[in-house]
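Student: I would like to learn how to read a ligand site and a few backbone features in a model of this kind. Could we take them one after another?

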Amino acid sequence: MSTLFDLTGRLALVTGSSRGIGRSIAEGLADAGATLVLHGRDLDRLTETRAEFVERYGEERIHAVAFDITDEAAVDAGVNEIESRVGALDVLVNNAGIQHREPLVELAREDWDRVIATNLTSAFLVGRAVARHMLPRRAGKIINIASVQTDLARPTLSAYTSAKGGIRNLTRAMTAEWAGSNIQINAIAPGYIHTDMTQKLVDDAQFNSWILGRTPAARWGTPADLAGPAVWLASAGSDFVNGQVIFIDGGMTVVV
Ligand code: NDP
């Protein structure tokens, strides 16, 4: 493999890597040589995922820390624990997120707040906690997970769309303040990817056929489709890529 994309010796935290897209990104980074800190909220699921990773990559390269990404004190404590117990973080992937579908006019304030907190405020909280360690070292990569909803609205997804639009500008805001300290911050915007979050949509024949027709690549994405772009943005191969949102969507956002 080209050394440009070699992550040997790099330490990466991927939030929400106990399953879904985060898990696949973590696998991609580990395949490229990185040491991983897996993360989630549900300790049983996280422990299970860690055991599967340990089997493939060995005990020394696989760690796991659980904390709620919406809880400021828990985030700071979790990141400090990683830095003191595991090592200096080179890569952060802000991936954990949730979905909530409801017409805007019926949406309760608490559901709006929960989606914004989990999908946007969390990236600020975890990003800030990690940057406080990366900035003095003058090195780091932060990858925020956006969505096609960063650019495109769709009925019933108002809070999610607002949060993911915010991720675009948070990526730019982080870049404005931290790129000069040799930290590259970019976002990956996945299209429709088959995971737990979208299982109901995959099972809905009408929605499924809309996705296949609406996506030039004529298929759902898989979590594995996100691994290559994540390795690139975590590696020296992207050292002059700053503040960008890279759409990995089978072409969905380039056609009407
Ligand atoms: P999943 O629902 O499959 O997994 C979500 C992950 O996030 C789990 O590991 C979960 O941990 C964790 N998580 C959720 N809330 C919290 C919290 N408060 N604190 C800590 N961890 C939390 O989601 P996907 O893999 O589908 O999505 C991952 C990211 O990709 C999200 O940001 C999503 O918006 C984005 N995305 C997904 C698309 C798709 O089509 N699936 C398309 C575009 C973007 P636990 O199990 O412990 O709760």
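Tutor: Let us begin with polar contacts, for which a cut-off is needed: a polar contact is a pair of N or O atoms within 3.5 Å. Please keep in mind throughout that this is a predicted model.

Student: With that cut-off in hand, how far is a nitrogen atom of the ligand from a polar backbone atom of Ile-69?

Tutor: The separation is 3.1 Å, and because a pair of N or O atoms within 3.5 Å counts, this one qualifies as a polar contact. On the oxygen side, a ligand oxygen lies 2.7 Å from a polar backbone atom of Asn-95, while a ligand oxygen is also found 2.6 Å from an N or O atom in the side chain of Thr-195.

Student: Which elements give two or more residues to the shell around the ligand?

Tutor: They are helix H1 (20-31), strand S2 (35-40) and helix H5 (158-178). The shell is made up of 30 residues, of which Asp-42, Arg-45, Asn-95, Tyr-160 and Thr-195 are the closest. Sorted by class, the shell contains 11 nonpolar, 12 polar and 7 charged residues, and the space that the ligand takes is the largest pocket.

Student: Why is Arg-138 classed as partly exposed?

Tutor: The class follows from the relative accessible area: buried means under 20%, exposed means over 50%, and partly exposed is in between. Arg-138 is partly exposed because its relative accessible area is 47%, and Thr-156 is partly exposed because its value is 31%.

Student: Is Thr-198 buried or exposed?

Tutor: Thr-198 is buried, because its relative accessible area is 9%, which is under 20%. This residue is found in the loop between strand S6 (183-190) and helix H6 (199-203). Sequence separation and spatial separation can also be read together here: Thr-198 and Gln-99 are 99 residues apart along the chain, and their C-alpha atoms are separated by 9.0 Å.

Definitions and conventions:
Residues numbered from 1 in each chain as written. Predicted model: local features only at pLDDT ≥ 70, side-chain atom pairs only at ≥ 80, totals over all residues. Heavy atoms only, no water. Near = heavy atom within 4 Å. Polar contact = N/O pair within 3.5 Å; in protein donor to acceptor, adjacent residues only side chain to side chain. 1 Å grid on protein atoms, 1.4 Å probe; cavity = no way out; pocket = protein on both sides within 12 Å on 5 of 7 lines; lining within 4 Å. Sits in = over half its atoms within 2 Å of the grid points. Helix = DSSP H or I, 4+ residues; strand = E, 2+ residues; numbered from the N terminus. Nonpolar A, V, L, I, M, F, W, Y, C, P; charged D, E, K, R; others polar. Buried < 20%, exposed > 50% of the residue type's maximum accessible area, 1.4 Å probe, protein only.
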